Amino acid sequence: MKRGLEVYAIAIYAFLHLPLLILAIFSVNASRFTAWQGFSLHWYQAMFADRDLLESAGNSLAIAVASTALSTVIGTLAAYALWRRASNWLAGGLYLSLVTPEIVTGVSLLALFQWAFRYVDFRLGMHTVILAHVSFSIAYVVVVVLARLRGFDPALEEAAQDLGATEFTAFRRVTLPYLAPAVAAAAMLAFTISIDDYVITSLVAGVDSQTLPMVIYAMARRGVSPVLNAVSTTIVVLLGTLVLLSERLRRA
Amino acid sequence: MTRLRTIFVTPAAVLMLVTIVVPAAIICVYSVLSRGAYGGVELPWTIENYGRLIDPLYGGIFVRSVGLAAAATALCILLGFPLALFIAQSGARRNLYLSLVILPFWTSFLIRLYAWMFLLRDTGLINTGLQSLGLIHQPLPLLYNTGAVLLGLVYGFLPFAVLPIYATLERLDKSLLEAAADLGARPLAVLTRVTLPLCAPGIGAAAILVFVPSLGTYITSDLLGGSKTILIGNLVQNQFTTARDWPFVAAISIVLMIVAVMLMFAVRRRGEELL
Amino acid sequence: MEDILELRGLSKQFATHRAVHEVSLAVERGAFFSLLGPSGCGKTTTLRLIAGFEMPTSGEIWLNGTRIDALPPFRRSVNTVFQSYALFPHLTVLGNVEFGLRHAPAADAEQRVRRVLEQVQMADKRSRKPSELSGGERQRVALARALVLAPDVLLLDEPLSALDPQLRKQVRAELKALQRQTGVTFLFVTHDQEEALALSDRIAVMRGGEVEQAGTPQELYQKPRTRFVASFLGEMNWVDGIGIRPECVRVSLDGFLNARPGRVAHTTFLGPHRHFTIQLQGGELVTAQTAAAVTFAIGETVQVSWDAADELRFSS
C-alpha cells in the first residue's frame, strides 16, 4: 500500500504544480503561440512598460501593507483573548467569515458601505478595500496564532506575574516572543490573501482604485496573452517565496 | 485578570460586528424589500424575492450549482484523503510535503485558473500536443464547459480538503493502529475500521471548507465556464451589474449564508474546532 | 512443562543505538513471566519485537513451535495490552472487546465475549464508551479485548504504571488472579521491582539491551549474579565491596565479634519496620532494618553486624 500511495502522491503533486510550471515556461517563449520559438524576456519587458498594470500593482501593494498591519495586530490580540477564554460567538463568527462565499461577503460589505455613505460623506475607494481586507483576513491570522498558542504553557505567564509583572507585561515579555514566528507567518499569509483577492475587492473598490487582480481578471477575460503569462509567473514566484518563508517561520 | 482579555478582544469583536453582523442585517432587510426604480431599494415589503428563487427560470441554476459543488466536494475528499494519508505517514519529510500542498493554494487562485485556461483552450498545450501526436485532428472543446469548471473547482480547493484531514490524521493516536493490527486486522481493515471513523471530524471540516465556497463560486465559472455555465455566483453578479436588483441579490445571499451556517453547525457539533 | 515462547539471540539495532542485544529467553506455558529493568534497558523493545511492531535485526522468535519473527502482527497469536490501553474511542466497551473476533470468527464468539467481560467484571458497562470509564476500568477492557482472542501469550506493557498507587496494589492482585484463572501465559514488562517480585513466576532482569539474569524472584533476590541485579532488586548496602541487605544487618548497643562501631545518622519510620542509616568509622553508610519499636537516637554510637552467610560477593 505504501508504494501505491507514493505513486499517487507524485501524480497529485504533478497535477497541482504542472499548470503553473508550464505557464512559467511559456512566459519566456519568444512566440505568442504554443509552438516554442526560443527563449525571450520581452514579455516581461512589456509587462514593466504597462502603466495601468504598474499603477494597479502599486495600489495592491499599499492596500496589502495596510490591511496586513491592521489584521495581524487585531487578529493576534483576538487569538490571545480566545486562548485565555473561549468565546463561541467570536469563534463562530470568525469561522463563518472563513467559510462564507466571497460573493456574499462582497455584496454585504457593499451594502454596508452604500448605506453608511448616506450619512457620512465618503465614497468607495482604497479605504473601503482596506477595511474589507482586514475583515476577512482576521480569521486566517487567528487560526495561525491560535495554533501556536495551543503549544504554550500558561504557567509561564503565571510565573511572570508571580515575579512581579503586570498582565500586559507578562504578555509582552513572555508570550509575545514565543508567538513571534506565528505572528510573522500570519502576517505573510494575510499579505498574500490581500494581494490576491478579486471578488470582494472588485465590488467595494469603486472606480478610482484598480487593484492588480482586477487588471489581471480583465486581461484573462479577453483571453490568453503572453504578457499575462509573464505577470502570472512573477506573482507566483513572489508570493510563493513569501508563503514558503511563512511556513518555515511557523514551524520554527 | 480578564480586563486585558476584554481589551484584546474588543477590536476584533467590533470589527466583526461592523463588517459581518451589521451587513448581514442590512442584507436581511433588503431581501424583503422591493427593487427601486434607480436600482436601490424601496417599500413595499415583500417576500417575492425569495419566491423567485424557486422559479423554474432560476431553479436550474441552483440545481446545477448544488450538484457541481457536491461533485467538487466529493472529488476533493476522494482525491485528498490518500494524499493526507501519504503526508501523515511520511515521517521526517512531512513538512516538505505539506508545503508542497499549501504552496499552490496560496499563490493566487485567479492565476491558477488562468493557467488552466492556457492549457485547455483550443490552441492550448493539451490540444496542440494531442494533435501533433496525431491522436486527434480537431481540437477538443476542453474549455468553456461545466467539466472545466469542475476541474477548476477541484484544482482550487483540493488543498482546503487535504489540510483538515491531515490535521486529524496527525493527531491520531498511533497506538490505536498498532492495537488494531495486534488484534488481527490487516492494513486495509485498520484503515476502514479505525482510521476512517476517527477521521470523520477532519473529513467533515474538509467538506464544508470545499462545499460552501464552491457553491458561491464566481470567477471559476466566469473564466472556465464561458457563458454556458451560469452558477449562483454568476447570477448574483448578473443581477447586480445589469439588472441592479438589490433585493433579489440580497435574497440569494441570505439563502447562501443560511446554508453555510447550517452546514457549519452540522460539522462542528461532531468534530473539533478549526479555530 | 514446555516452553511456549522462545527468544534466540534476538537483537534490534536502531539508527542511533542498540536497543536489544543477543537476548535469549524461554517462557514456560502458563507462567507469569516479567521483563524487569530501568527505562531504556530494552524491555519494551523486546516486547514490541514479540508483538510484531518491530522487526529484529537478527535472531529468532519461536512461538508454540513455529517461527514468527517474520510475520506481521495480525498473523501472530500474541496480543498486547498497551501502556495507554489504546482503546478505540469511537467504539463501546463491547465494540472494543469484539474487535479482534471479526478477523478470527469463532462459533462461540458471543459466549466468549460474555465470559471474558464477566471475568474482568465489566459486563454491566458494555455499552459505555472509553471516555466514560475510569483508568482501572479501561485497563480491564484492554485486558478483556486481548484475552477474548485466546492468544498463546499475552503481552503487557507496564499496565499498572498509569494507575494511582492505591489502585495499583488492588489491580495487581486482580491481575495475578486473572492469570491463574485463565491459565494464559503472561509476559509482563515493568520497571517496578516490587511489582515484578510480587507477581512473577520468573523474572528476566535487563540492562543496556541485554539480559543480566533470569530466574525465580527468590533466586534473583537471594542469589544475584551481578551487582546490578543485587542493587536493582530490593535495597542493598555496599561495604568494602561486599553487599549486604538491610534486613540482614543487626544493630545493638553491645558489640560482639565482628561488630563494627558507628554513629546513627538518620532514622526513617516506615510503618511495619524502621530503617536506621549508620555511619561507620570508615565513612561508609549502612542502612539497617529493624522492628518499628526499636529506637536509637541520632548521634548515638551503636554496633553493626551481620552473618557472613548473608554476604554477597561479586567478582566485578
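Predicted model: local features only at pLDDT ≥ 70, side-chain atom pairs only at ≥ 80, totals over all residues.

Visitor: Start with chains A and B. How many residues are in contact?
Guide: 71 residues of chain A are in contact with 71 residues of chain B.

Visitor: Which helix of chain A gives the largest share of that side?
Guide: Helix 1 of chain A, with 12 residues. Other elements that each supply at least two residues include helix 3 (51-84), helix 6 (126-149) and helix 8 (167-196) of chain A.

Visitor: And how do the residues on the side of chain A that touches chain B divide?
Guide: There are 52 nonpolar, 11 polar and 8 charged residues on that side of chain A.

Visitor: Switching to helix packing. At what angle do helix 7 and helix 8 of chain A pack?
Guide: About 125°, and their axes are 9 Å apart. Helix 7 of chain A is therefore oblique to helix 8 of chain A.

Visitor: Is the crossing left-handed or right-handed?
Guide: Helix 7 of chain A passes helix 8 of chain A in a right-handed crossing.

Visitor: Which residues meet there?
Guide: From helix 7 of chain A, they are A:Leu156, A:Glu157, A:Ala160 and A:Gln161. Helix 8 of chain A brings A:Glu167, A:Ala170, A:Arg173, A:Val174 and A:Thr175. The residues of this contact divide into 4 nonpolar, 2 polar and 3 charged.

Visitor: On to the strands in chain C. How many bridges join strand 1 to strand 4?
Guide: 5 bridges join strand 1 (residues 3-13) of chain C to strand 4 (residues 58-63) of chain C, and the two run antiparallel. One of the pairings puts C:Leu7 with its bridge partner C:Ile61 in strand 4 of chain C.

Visitor: What about strand 4 and strand 5 of chain C: how many bridges?
Guide: 2 bridges, again with antiparallel strands. Strand 5 of chain C covers residues 66-67. C:Trp62 stands opposite C:Arg67 in strand 5 of chain C.

Visitor: Which residue takes a positive phi in that hairpin?
Guide: C:Asn64, with phi near 55°. The hairpin has 2 residues between strand 4 and strand 5 of chain C.

Definitions and conventions
Residues numbered from 1 in each chain as written. Chains lettered and ligands numbered in written order. Pairing = 2+ DSSP bridges. Helix = DSSP H or I, 4+ residues; strand = E, 2+ residues; numbered from the N terminus. Contact = placed C-beta atoms within 7 Å. Nonpolar A, V, L, I, M, F, W, Y, C, P; charged D, E, K, R; others polar. Axes fitted to C-alpha atoms, helices over the stretch in contact; angles between N-to-C directions. Parallel < 35°, antiparallel > 145°, perpendicular 65-115°, else oblique. Left-handed = near helix turned anticlockwise from the far one by under 90°.
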